[in-house]
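The following note concerns helix packing and aromatic pairing. Please read it alongside the coordinates.

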Amino acid sequence: MKTLKNYSLTALMLFSSLGISLAQSSKSTIQIGNIEDAPTISKHIYGHFAEHLGRCIYEGFYVGDNSMIPNTEGVRNDIIDALKELQIPNLRWPGGCFADTYHWKDGIGPQENRPTIVNTWWGGVTEDNSFGTHNFLNLCKVLETEPYLSGNVGSGTVQELADWVQYTNFKGKSPMSDLRRENGRDEPWTVKYWGIGNEAWGCGGNMSPEYYADIYNKYVTFMSDADVEGGLYKIASGASNDDYNWTEVLMKNIPKNMLQGVALHHYSVIDWSAKGSDVDFTEDLYFKTMKESWLMEELIVNHTTIMDKYDKEKKVDLIVDEWGGWYEVAEGTNPGFLYQQNTMRDAMIAGMNLNIFNNHADRVKMANLAQTVNVLQAVILTDKEKMILTPTYHVMNMYKVHQDAKLIPLSFESPDYTYEGESLPAINASASIDDAGKMHVSIVNIDAHKKNTVTIDLNALGIKKITGEILMSDKLQDHNTFDNPNKIEPKEYKGFTFKKGVLEVELPPFSVIVLEGSK
């Protein structure tokens, strides 16, 4: 492996442990590992996140049932259709930072009786609570997706969260189930996934990990598992980036029978005080963003190493419930609304991170892209009645074939993507085989200029036929607009040869490719 001064020792060791080295050649050979003991890629890795932030809920998902825009109970039908196409497995709500200021009882009952709330985190706007628990959980039923509710720990109470669990889940007679029936819902929704606060180290209360662990234990003690098959799936507010002490304290101080998942948040941000333009970025900013995106690999390895220390049987999952690109807001938009465009750079972030999650499917069991509509690395953007699908949407649609498929371990040597004397692995890949015996390989080439080629010997899998899709464009800054909504979309891919069971694939610069192999 070539030694580069720009790589930390940790990063070099990580690439080596993955079977990825930094070869000078632009050609790479991918080897297939032992499939028998490989984990299943949880479909929940392909989850999404909808916070009361900017135009994500209001003017995004929710336009109200009196809107001229076609809707179902106030939620846009075009968004419903688009998310159904993605087969989203879960949706996280209502935050984010907003979750620890949200009081769920303000969002139930007749809308004219609901109090308003000032969204102090995101723009200081006043919301009318017209989109609440019933709206969200009914939407999840329509989407056939699992709801993931973030409970208010920062400004809420134990009783408030316990009541929410009873309101959403209890079949029998109780104060909260009776209240649910009064509000028009007889049968419970059966909400399994619960976050116990959000970013407790920051906007969720600026807590120490020791204090939060005690608070967590207190809250979950009073959350009833009644009428939820297998019990509630409780997720602790986890670390930001490389705060390894946070994970260490939680794994040490929370009993394993009270903990199903520990969260991790990491955004591909180059500088929180100067995040760079969403569309008018240079290659320098692109390279730095890719470097931050690659950091997800190191973070997962290091956090899971700590988890292994306290949980050798891997009963507690790692939940990356916030990830994605974060730039300065689009020119002329409200800074508190975090609206940004979505370019081929975002497609690279999406493809790379999803491959990383797939390859760590033994621990990473859920992830939530931030966010679904009109906020940060959104899959959907809206402007009044118009709606567009972003490059990130298309990557997630291409990758949905990996959901609940068996991981195919890969090892390979990656060529370099070099810029101004620094280098990163240019190629990132993951593979799986589904219940029907179809193989899928997803490959990303982040190099801004250079084509790269990979070869894969598929004889061991008995593959006889290959088809493929590609997402690419002329410029890194290219994006879909309301005037040109289909500028970037997947196309059939034929840039490969397949002879005697050996597949050779040419990867154009900054492209995402998904190949399907059948017997």
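1. Contact here means heavy atoms within 4.5 Å; helices (H or I, at least four residues) and strands (E, at least two) are DSSP runs, numbered from the N terminus. The model is predicted, so local features need pLDDT of at least 70 and side-chain atom pairs pLDDT 80 or more, while totals for chains, interfaces and linings use all residues. Residues are numbered from 1 along each chain as its sequence is written, and side-chain values use heavy atoms, without hydrogens and water.

2. In α8, residues including L285, Y286, W294 and I300 belong to the contact with α9, where the partners include R345, M348, I356 and F357.

3. The structure holds 22 aromatic pairs (rings of Phe, Tyr and Trp, the last by its six-membered ring, with centres within 6.5 Å; planes under 30 degrees apart are stacked, over 60 edge-to-face, the rest tilted). One of them, W104 with W164, is stacked, at 6.1 Å centre to centre and 5° between the planes. W104 sits in the loop between β6 and β7 and W164 in helix α4, 60 residues apart.

4. W104 is buried at 1% relative accessibility, and W164 is buried at 2% (buried: under 20% relative accessible area; exposed: over 50%; partly exposed: in between; 1.4 Å probe, protein chains only).

5. Y193 and Y233 form a tilted pair, 5.0 Å centre to centre with 55° between the planes. Because Y193 lies in strand β10 and Y233 in strand β11, this pair ties together parts 40 residues apart in sequence.

6. One aromatic cluster includes W104, W164, W189 and W194.
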